[in-house]
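This report describes the pockets of one protein model, then a helix and several single residues. The sequence and the structure come first.

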Amino acid sequence: MAKKINKIAVLTSGGDAPGMNAAIRAVVRSCSYYNLECVGVYRGFQGLIEADFEPLTARSVRNIINKGGTFLKSSRSEEFKTKEGRAKAHKNLIDAGIDALVAIGGDGTFTGGLYFNNEFNFPIVGIPATIDNDINGTDYTLGYDTALNTVVEAIDKIRDTASSHNRLFLIEVMGRDAGDIALNSGIGAGAEEILLPEEDQGIQRMMDSLEKSKKSGKTSSIIVVAEGEKSGKNIFQLAEFISQSHEEYDIKVSVLGHIQRGGSPSCFDRVLASKLGVGAVEALTDGKTNIMLGVHHQKVVHVPLETALKEDREFDQELRRVANITSV
């Protein structure tokens, strides 16, 4: 029989993402709704090791749903990767009377949570929050929609300059080994070409695309480059490579960088965070553990942490086909 849950801790770990604060708020207010105690853990897993805890009430999380980042702060803890560090974290949770943990983050967060649960059988539920949208078992992760809109807005502004000066812009976007941001923002902003880590034909595709653009009379172009694309060249080397055969272009490079991780979360991310935060608390009180709360076809789903960490996400070939057709 599962232990009754009376007190839940919540933390954010790894890279920040818009919507984390909204998820914390949902967890805290769900605890209040169900007459449970809630404790915020500062600085992720490192805060567990140092017992950096603070009781949270429904009023503690007012006016944060619209804030980017995470008020609980985040970090990557090397100490938590050791058995000794995890043992110290477990002791602090027990000493504080905490019965379960909600961990908000990405694959590193879930890996730490999986080890922790396997070693101590401590109830844990994960909420996926990463702009990369690279977690298996969920259609969307917190922060992805906001980052996507940030990127499209930036590309729209860059295109104004590109078209005014007969320029070719290479724009690098985040995503690690996942091309979701690049592919979707590229389509949404009307990019002439999109280089993705899921494909190993970036340079040739790019050069063919530029030749077609030249023949069709285009005087400016936007190429969106995912940071993990596999050409073997960084974005500045790509620019130099293009300049050797396309002297007609004034080539510029723009690396959007961490601007993609900041800003007020979109309505989509706020609603998603609220659904997953409520779902996480309800899953724990129902005796569920070692799972991630995801969303599939607009419905909240329970995904084993092992499944969430698998690297077998399907690449959206149909979306790539759409990109090819609409970029002529």
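How do the residues of the lining of the second largest pocket divide into nonpolar, polar and charged? In this predicted model, that lining holds seven nonpolar, 12 polar and 11 charged residues.

Domain 1 (7-143 + 265-309) and domain 2 (144-261) both contribute lining residues, so the second largest pocket lies between them.

The largest pocket has a volume of about 890 Å³. Its lining comprises 31 residues, and the closest to the centre are Asn133, Asp134, Asp180, Arg313 and Glu314. By class, the lining of the largest pocket consists of nine nonpolar, nine polar and 13 charged residues. At least three of its residues come from each of domain 1 and domain 2. Two helices, α4 (107-120) and α6 (180-188), each supply at least two residues of this lining. The largest share, three residues, is that of α6.

**Helix α6**

Which residues of α6 are buried? They are Asp180, Ile181, Ala182, Leu183, Ser185 and Gly186. The elements that cover these buried residues include α5 (144-164), β6 (167-173), β7 (193-195), β8 (221-226) and α11 (317-326). Just after α6, Gly190 has a positive phi of about 70 degrees.

**Asp132**

The UniProt record, an unreviewed entry, places the feature "active site" at Asp132. This residue is located in the loop between β5 (124-128) and α5. Is Asp132 buried or exposed? Its relative accessibility is 8%, so Asp132 counts as buried, the cut-off for buried being under 20%. Apart from neighbours within four places in sequence, Asp132 is in contact with Met174, Gly175, Arg176, Ala178 and Asp180.

Asn6 sits in the segment before β1 (7-12). Once neighbours within four places in sequence are left aside, Asn6 is in contact with Leu36, Glu37 and Asp99.

Asn35 has a positive phi of about 60 degrees and is not a glycine. It lies in the loop between α1 (20-33) and β2 (37-41). Gln298 is likewise not a glycine, and its phi is positive at about 70 degrees. Its place is the loop between β10 (291-296) and β11 (299-304).

The table lists the relative accessible area of the single residues discussed above.

| Residue | Relative accessible area | Class |
|---|---|---|
| Asp132 | 8% | buried |
| Asn6 | 38% | partly exposed |
| Gln298 | 52% | exposed |
| Asn35 | 71% | exposed |

Gln298 and Asn35 count as exposed because the cut-off for that class is over 50%, with Gln298 at 52% and Asn35 at 71%.

Terms used
Residues numbered from 1 in each chain as written. Predicted model: local features only at pLDDT ≥ 70, side-chain atom pairs only at ≥ 80, totals over all residues. Heavy atoms only, no water. 1 Å grid on protein atoms, 1.4 Å probe; cavity = no way out; pocket = protein on both sides within 12 Å on 5 of 7 lines; lining within 4 Å. Points joined across faces, edges and corners; volume = space filled by probe spheres on them. Helix = DSSP H or I, 4+ residues; strand = E, 2+ residues; numbered from the N terminus. Nonpolar A, V, L, I, M, F, W, Y, C, P; charged D, E, K, R; others polar. Domains from an automatic or database assignment. Buried < 20%, exposed > 50% of the residue type's maximum accessible area, 1.4 Å probe, protein only. Contact = heavy atoms within 4.5 Å. UniProt positions renumbered as here; feature names shortened; annotations may be inferred.
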